[in-house]
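User: I'm new to this one, could you walk me through how some of its parts pack together?
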Amino acid sequence: MEDDRRVGDLVRELVHRLHNNNSSSPSLSNSNSNPNPNPSNVKYATRILSSRMTPSITADEAAMAHSIKNQLVKQGKLSDALTFADLYSKFASKTGHGSVNNKWAVLYLLKVISEDRRSNHKLQSDSSYSGGLPRLFESETNGNHARVTKDSSRFSQLGQNLDHDGSNDDMVSNDNVNGLRNSNSAKLKNGGVLLVSKDPENMRDMAYREFSVIVKEENDVSEEVLVRDVLYACQGIDGKYVKFDENVDGYLLPDSIRVPKPTRIMIRKLCELGWLFRKVKGYVTESMDKFHDEDVGTVAQAFCAALQDELSEYYKLLAVLQSQSMNPIPLVSENASSGNYLSLRRLSVWFAEPMVKMRLMALLVDGCKALKGGAMAGAIHMHAQHGDPLLHDFMKRLLRRVCSPLFEMVRSWVLEGELEDIFSEFFVLGQSVKAESLWREGYRLHSAMLPSFISPSLARRILRTGKSINFLRVCCGDRSWADAATEAAAATGLTTRRGGLGYGETDALESLVTEAAKRIDKHLMDVVYNRYRFKEHCLAIKRYLLLGQGDFVQYLMDIVGPELSEPANTISSFKLAGLLESAIRSSNAQYDDPDILDRLRVKMMPHNTGDRGWDVFSLDYDARIPLNTVFTESVMAKYLRIFNFLWKLRRVEHALIGAWKTMKPNLITSHFFTKLPKAIKFRLILTSRKCQVLWNEMSHFLTNLQYYIMFEVLEVSWANFSDEMEAAKDLDDLLAAHDKYLYSIVEKSLLGERSEALYKTLFMLFDLILRFRSHADRLYEGIYEFQARTMEDKTDLPKNSKTKTADSDPWLSEGRKAITQRAGEFLRNTGQDIDAVSKEYSSLFRGFISELPVQQHIDMKFLMFRLDFTEFYSSAS
């Protein structure tokens with residue numbers, strides 16, 4: 001009671017001082033010197049001070065004191081500013097009983113009063129100034145005391161009408177209010193006192209009630225009903241008024257329902273969430289219906305499960321909003337802002353985050369309808385590259401569910417070699433092939449199913465690691481690869497169980513694949529090199545199929561030569577196999593590993609009419625599993641082609657050596673020709689010299705060509721292949737090294753497609769050399785026979801035996817002259833044949849040399865240098 005009495009005394013003192021300070025004449029001041037002011041003014045001031053009217057600025061005591069001090073400084077009142085600062089420090093430091101609690105309000109009141117007193121020349125039509133505090137007194141510019149008195153009496157009358165705290169609010173008519181407004185406006189124009197016609201809070205309530213009546217008259221449907229319909233629409237259900245329209249593909253409020261246009265627009269925007277929900281829910285339902293038909297892959301199933309989880313959270317939100325929508329919406333007032341109700345505007349705030357998520361889910365549904373497996377995961381991953389943290393976290397959570405089956409496939413493939421992909425969703429495709437084709441054709445990358453968060457290089461390592469496990473298990477019969485897989489998982493801190501990997505752990509995945517590939521590939525290379533002796537078999541192929549074992553090849557050529565000179569259809573492959581065994585036992589090949597020798601076999605190629613054994617004979621090497629992964633049928637066909645070329649080269653060399661054996665003894669027996677007629681003697685020497693010169697040219701060509709093939713091609717390629725074999729880290733590297741080795745031999749040996757013309761020329765030269773061998777054999781056979789007949793003619797024989805011999809031998813029956821004539825004709829024909837071979841050989845050889853510089857391989861230039869190091873053929877051409 002004492003505090004209330006003290007507050008009342010302070011209010012009366014404040015009104016009294018305000019009234020006296022606003023007096024403009026001494027008479028007015030004397031008339032109001034009574035310390036008890038007008039009770040109506042005191043009561044009105046008490047209402048103002050006890051009302052809920054608050055300014056629109058933040059309550060900051062220090063800022064308000066600083067603002068007042070700055071204002072005094074700007075006005076040039078430095079002493080007043082210092083005085084205010086001293087008083088404020090004392091005022092702020094006073095606490096406890098009898099102190100002012102709301103110090104900021106006191107400072108704000110003083111500032112408003114100061115501004116009100118300075119702006120008496122401004123006229124305002126509003127009931128508030130600088131934050132809503134009414135001005136009780138306004139000094140007149142003409143100092144008319146009567147007008148102030150009149151206004152004060154009118155103010156007192158208004159205070160009596162408002163004595164019962166708004167109990168007569170409903171009795172105030174609009175005409176009285178309008179009349180009061182008009183009269184107040186007229187006074188303000190003349191600088192009179194601004195009067196407040198009604199308590200601000202009650203006046204606001206009355207206006208809100210009037211507004212609610214207007215709203216009900218303008219709307220056929222209340223906002224509560226519309227909110228419930230919107231909530232139904234967001235669940236894909238038609239409401240009482242808001243229903244789905246197939247024509248516009250969206251939820252609409254019929255035009256027959258009268259609502260304001262902003263309300264209609266807001267409903268349309270809010271119902272977008274329902275349209276998105278229908279799309280997402282329809283996709284989930286449609287996909288789940290196909291689960292039983294096995295038309296939906298595991299990644300799509302995981303995607304549907306993730307969407308269903310998000311929809312469950314969405315249902316929870318709708319349940320909360322549905323409970324709030326049952327509360328009535330109060331009138332718009334200051335107290336209504338914290339009420340537990342749901343309006344369309346509040347609903348738009350609630351739907352902000354679900355709308356963003358639902359739009360993203362609908363976008364994902366549209367983009368993933370025709371996709372599956374890794375392609376679907378990659379398409380969803382592209383939407384995760386977003387700067388919004390909300391969407392980024394949402395997509396990361398979604399992708400972890402979606403990619404779980406895919407990462408499980410990777411784990412199973414890398415650590416176990418199992419391809420668990422019944423829906424063809426994995427980026428590794430497997431197919432049923434023979435064991436020898438398992439590595440090359442059994443598995444391949446399916447680029448369409450490769451997700452974008454797995455790089456192509458990582459995908460190739462994943463493919464190779466699984467292939468290595470299957471190759472060890474199927475082709476090598478090895479089971480110790482499981483230890484290497486377990487060590488790889490332990491090295492990366494993972495386990496071999498399911499669920500160890502997930503989306504967002506690409507570094508862990510790459511580390512696991514790298515460790516597994518390193519260990520499993522190393523184990524595979526150890527098995528291939530040590531258990532199956534890959535290097536020894538490659539060396540055996542080089543020695544026997546590429547004719548690197550010289551003594552074996554020479555002996556084989558000698559013993560099978562007579563047999564291969566027969567027609568191809570008369571040769572027995574069993575007999576040739578026996579001759580092969582004899583060649584092995586008669587050479588250093590007998591000391592090789594029996595397993596290697598057992599794989600060496602004779603192979604007769606398909607032959608045509610007129611082919612000889614030389615044309616169809618070849619050697620073959622039986623590369624069994626797993627070596628046939630490297631030595632496939634196509635690879636062995638290339639080896640066979642190289643063998644045929646080298647065998648033809650050796651055959652031509654063997655033919656020239658045979659011709660030399662035939663020609664050399666005639667140098668010793670040349671003294672027999674001293675007694676021949678000069679014409680025959682000259683022609684014989686000339687023809688024999690032509691053979692010797694042509695033989696030297698051919699021998700020079702074959703010797704240098706064979707040196708080039710054996711050393712520049714075979715040995716260099718083998719040295720490079722050996723180095724690459726040592727450096728190979730996996731089977732792919734080994735296959736690539738072997739293919740490079742074989743390609744190098746084919747290209748350098750003139751067997752490639754780019755050297756086809758040169759290859760044909762080379763084989764024509766070989767055929768000419770074989771023709772020369774036949775002419776040389778025929779020449780020296782004739783010389784031997786002529787020598788024999790000459791020696792026989794010199795012997796004195798009995799007549800009876802002479803007659804017998806003459807009857808049996810036409811040479812002797814014709815006489816010495818006839819023998820000489822026939823010998824001259826034979827030598828002349830043979831010389832012409834040799835001249836023809838020589839000319840054709842020279843022409844072909846020059847063409848062959850001229851084509852060597854234009855070959856792309858640089859080693860061909862070295863071959864040309866060896867063949868024409870004196871530039872004899874270049875200068876002649």
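User: Which way does helix 4 pass helix 5, in a left-handed or a right-handed crossing?

Analyst: Helix 4 passes helix 5 in a right-handed crossing, meaning that the near helix is turned clockwise from the far one by less than a right angle. This is a predicted model, where local features need pLDDT of at least 70, side-chain atom pairs count only at pLDDT 80 or more, and totals for chains, interfaces and linings use all residues. Residues are numbered from 1 along each chain as its sequence is written, and side-chain values use heavy atoms, with hydrogens and water left out.

User: And at what angle do the axes of helix 4 and helix 5 cross?

Analyst: The axes of helix 4 (residues 61–74) and helix 5 (residues 78–93) cross at roughly 160° and come within 8 Å, so the two helices are roughly antiparallel (angles over 145 degrees).

User: OK, new topic: how many aromatic pairs are there?

Analyst: The structure holds 32 aromatic pairs, counted when ring centres of Phe, Tyr or Trp (its six-membered ring) lie within 6.5 Å. One of them joins Phe453 and Tyr503, edge-to-face (planes over 60 degrees apart), at 5.5 Å centre to centre and 85° between the planes.

User: Where do Phe453 and Tyr503 lie?

Analyst: Phe453 lies in the loop between strand 4 (443–445) and helix 20 (456–475), and Tyr503 in the loop between helix 21 (481–491) and helix 22 (506–531), so the pair ties together parts that are 50 residues apart in sequence.

User: Is Phe453 buried or exposed?

Analyst: Phe453 is buried (under 20% relative accessible area), with a value of 10%, and Tyr503 also counts as buried, at 11%.

How values were computed: Axes fitted to C-alpha atoms, helices over the stretch in contact; angles between N-to-C directions. Helix = DSSP H or I, 4+ residues; strand = E, 2+ residues; numbered from the N terminus. Parallel < 35°, antiparallel > 145°, perpendicular 65-115°, else oblique. Phe/Tyr/Trp six-rings, centres within 6.5 Å; stacked < 30°, edge-to-face > 60°. Buried < 20%, exposed > 50% of the residue type's maximum accessible area, 1.4 Å probe, protein only.
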